[in-house]
Amino acid sequence: MNKEQKSTAKAVNIDLGIVLDVHDLIKTYTVGNSVITALNKVNLTVRKGEFIAIVGPSGSGKTTLINCLGALDFPDSGKIIYNVDAKGMGLDITEMTNKQHKKMRLRKIGLIFQFYNLFPILTAYENVELPMIIDKKDPKSREEKVKTLLKRIGLEKRMEHLPTQMSGGEQQRVTIARALVNEPLIILADEPTGELDTETTTNIMKIFLDLKNAGESILMVTHNIRIAEVADRIITLTDGQFTGEKAGGKSIEGIYK
Amino acid sequence: MKKSKQSKESVSVIQETINYELEPEAIIQTFDLAKIYNITEGIEIRALNGVSISIKKGEFVSVMGPSGSGKTTLLNMIGALDNPSHGAVFINGTNVAHMDDERRTELRLKEIGFIFQFYNLVPVLSAYENVELPMVFAGRPKQKIEENVNKFLELVGLSDKKDHLPSELSGGEQQRVAIARALCNEPSILIADEPTGELDTRMGMEIVNLLRELNKELNQSILMVTHDPMIGALAERMLKMRDGKIIEIITK
């Protein structure tokens, strides 16, 4: 990332029901003498409470997309507008500085990764609390929020456990709670079940559906077409371009049948 | 080692009332340390089976052995990441084997620095922010945090990459960030579990040589688990493990 100059992000109006609006996103990488186009004019709108799955094989641009939307990387061109105050004030994160990106990641975007990335020396409780500590939230509100979330994902009895004492599925549930703790606008998940068996995968998808039903907006990228079918919309990404879309909404019980 | 048992009422009471002979120079000392998993009735696995070791301040010790020999279990006991089934682990003269959770977290944050095979950096935080994490969590003053983070990022040679995210760093650089993070609370002990496991030979040697330099400069004790004999041989003392026991100690 190389944006150290002053931010030029100007507020624009955005529809109240829209969380994220992406326009003509392009991202290229230069490898040796050749230029690889990882994202080629991607357009996407995520509405509040929507669960979208983006599917595609390795190298299709899924992770690049999550990194750009998650303020972890800058695109070459295009706009990524978030409804930052949830009241219609849109800000384009491509016009932000690194410092503003950090705030976006801390407060507005909840990120979930394939490899959990928990801090091994901290308990489940402490790992979930971490973003609130970094955001300087007061201890009372931290305790309330962390306990509520750990209960919501069914880990209230595992609060004092370390990552090494938990299964992969439990660790991923901790990261879901960590992603939610600062009440983000959206959850971005990059292959959240990539390391999990089918039963645990189903359980994680159940949590995602519960979150969606509670009004959370979720964007998940995955190569697993079966789990994608529980999302509201399934978009296919091929060679950096959206090449298809269909409605999902399949029941969770049916995904591995 | 064990001198007397004053009570037989319960395991925890026995643990607390055994008198252990501590070596004055030892910063880590374990007594008859065991971890037993009961798989099913009558069948148990002894991941650790009576390990007694002593490590002095400033010593660089490697632990070697095949998979399943108990290396990581030993490290987890010493790092207060797991409880032993019996035995004792003294860190700076305090038995950590049966500490409560709060004190264990404090010990892990302040007395011990951890380095893992997969770096375990937080992906949404920059190198600087990852290093400052244990200090923020330990409630250190802002000025001290800034001073230490800059100091240790410089020591591991990453001052110019402090604003980079883990995804923008190579494996070796990510492990350097993890080393700076392990050092920032100025612990007396560094614990490294296969720190070169994900790196190629050249980068692996570089990381261990960096650990050796830091060990000489900062005088921390280092306990490093590895399955690579070349890496293990760089330590001053090698402990070889098999079936949950130490079978050989090689001192240079």
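This is a predicted model: local features need pLDDT of at least 70, side-chain atom pairs count only at pLDDT 80 or more; totals for chains, interfaces and linings use all residues.

In helix α2 of chain B, the buried residues are B:K71, B:T73, B:L74, B:L75, B:N76, B:M77 and B:I78. The helix covers residues 71-78, and with seven of its eight residues buried it is mostly covered. If you follow the chain beyond α2(B), you come to B:A80, a residue whose phi is positive, near 55°.

We can turn next to the place where the two chains meet. Here 23 residues of chain B are in contact with 23 residues of chain A. The size of an interface is often given as the accessible area lost when the parts come together. For chain B and chain A this buried area is about 2,200 Å², and 67% of it lies on carbon and sulfur atoms.

Which side chains meet in a salt bridge? They are those of B:E129 and A:K102, with a distance of 3.1 Å from N to O, and the count between chain B and chain A is one salt bridge. Across this interface there are also four residue pairs in polar contact, counted where both residues have a pLDDT of 80 or more. On the side of chain B that touches chain A, the elements that give two or more residues are α3 (101-110) and α4 (127-137) of chain B, and the largest share, five residues, comes from α4(B). Sorted by class, that side of chain B has 14 nonpolar, two polar and seven charged residues.

Is A:D135 buried or exposed? A:D135 counts as buried because its relative accessibility is 11%, and the cut-off for buried is under 20%. The side chain of A:D135 is joined to that of A:R107 by a polar contact of 2.8 Å. Leaving aside residues up to four places away in sequence, A:D135 touches A:L106, A:R107 and A:N182.

Finally, consider the nonpolar cores. The largest one has 75 residues, and among its members A:L69 and A:Y82 touch the most other members. When residues up to four places away in sequence are not counted, the residues that A:Y82 touches include A:V19, A:L20, A:L69, A:M104, A:I109 and A:L188.

Definitions and conventions:
Residues are numbered from 1 along each chain as its sequence is written. Chains are lettered from A and ligands numbered from 1 in the order in which they are written. Side-chain values use heavy atoms; hydrogens and water are left out. A nonpolar core is a set of buried Ala, Val, Leu, Ile, Met, Phe, Trp, Tyr and Cys residues joined through side-chain atoms within 4.5 Å. Buried means under 20% relative accessible area, exposed over 50%, partly exposed in between (1.4 Å probe, protein chains only). Contact means heavy atoms within 4.5 Å. Buried area is the accessible area (1.4 Å probe) that two parts lose on being put together, summed over both. A salt bridge is a side-chain nitrogen of Lys or Arg within 4 Å of a carboxyl oxygen of Asp or Glu. A polar contact is a pair of N or O atoms within 3.5 Å; within protein, one must be able to donate a hydrogen and the other to accept it, and residues adjacent in sequence count only if both atoms are side-chain atoms. Helices (H or I, at least four residues) and strands (E, at least two) are DSSP runs, numbered from the N terminus. Ala, Val, Leu, Ile, Met, Phe, Trp, Tyr, Cys and Pro count as nonpolar, Asp, Glu, Lys and Arg as charged, and the others, Gly among them, as polar.
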